[in-house]
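Thank you all for coming.

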Amino acid sequence: MIDTALPVRAAIFDCDGILVDSERPWLDLMAFHLERLGADRTAAESFRGLTAAEAVARLDAVRTGTAPVPAVAEVDRAYSAALTAVSAPMPGAPELVRALSGAVPIAVASNGRRADVRGLLDRTGLLPHFDEVVTIDDVDRGKPFPDIYEQAARALGLTPAAAVAFEDSRVGSQAAHTAGCTVIGVNADPSVALVSAVRLADLKQLRFDPATSTLHLDSRRSDDR
């Protein structure tokens, strides 16, 4: 049974954890540094969606030992190296992106570095489907500030209010919400708080109807993997 239908004029996707299965390397990297700095490695989840600069600042705040906090460039290099082995899309992402592509304007809005994001999208075969790719390299402030979503909407020739945004993290969903997007939260972990109009376990719960430019949300499909 179809639960909800949302009209779509444009769509803006986060990358890590929404389009590409690339969040585990980041969380593993944060867990490593937390443990090295004498902090609780299980707190790595709270680093989901942060930029490298924000992550380093948070690592410095929770450090209890004498080990040095990594430099932003060091974190960027380590994460970029880990991403070279990532090529798996998230469940339902290729199908939804292909359905939307050409029907409505679509963009990526990511806190990641441009080369990393474009590399991930290229390896998963998703890059050609997007009209615009906006990253932390294109704005002054990353998520949770709204700048990336505002820039992505401008690049598509629309206002953020015209776009549906897909996010899996608290900071990302806050950025999209503050920008004015209609936020669809996508995360199967109920402990992760999201600011969203709708929350799903994965993108397989969505079906796009190009005839009506409408997204249909079906809760029955979350376990159909």
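I will talk about a pair of helices and then about a sheet.

This is a predicted model, in which local features need pLDDT of at least 70 and side-chain atom pairs count only at pLDDT 80 or more, while totals for chains, interfaces and linings use all residues. Residues are numbered from 1 along each chain as its sequence is written, and side-chain values use heavy atoms, with hydrogens and water left out.

Let me start with helix α1, residues 23-36, and helix α3, residues 72-83, which pack at an angle of about 135° with their axes 9 Å apart; helices here are DSSP runs of H or I with at least four residues, and strands are runs of E with at least two. The axes are lines fitted to C-alpha atoms, for helices over the stretch in contact, and angles run from 0 to 180 degrees between N-to-C directions. The two helices are therefore oblique to each other, as angles under 35 degrees count as roughly parallel, over 145 as roughly antiparallel, 65 to 115 as roughly perpendicular and the rest as oblique.

Which residues make the contact? From α1 they are P25, W26, L29, M30 and H33, and from α3 they are E74, V75, A78, Y79 and A82, where contact means heavy atoms within 4.5 Å.

Turning to the sheet, three strands form an open sheet in the order β1-β9-β8, with antiparallel pairing, and two strands pair if DSSP finds at least two bridges between them. The edge strands, each pairing on one side only, are β1 (4-7) and β8 (206-209). Between β1 and β9, residues 214-217, the antiparallel pairing runs over four bridges, and L6 stands opposite L215 in β9.
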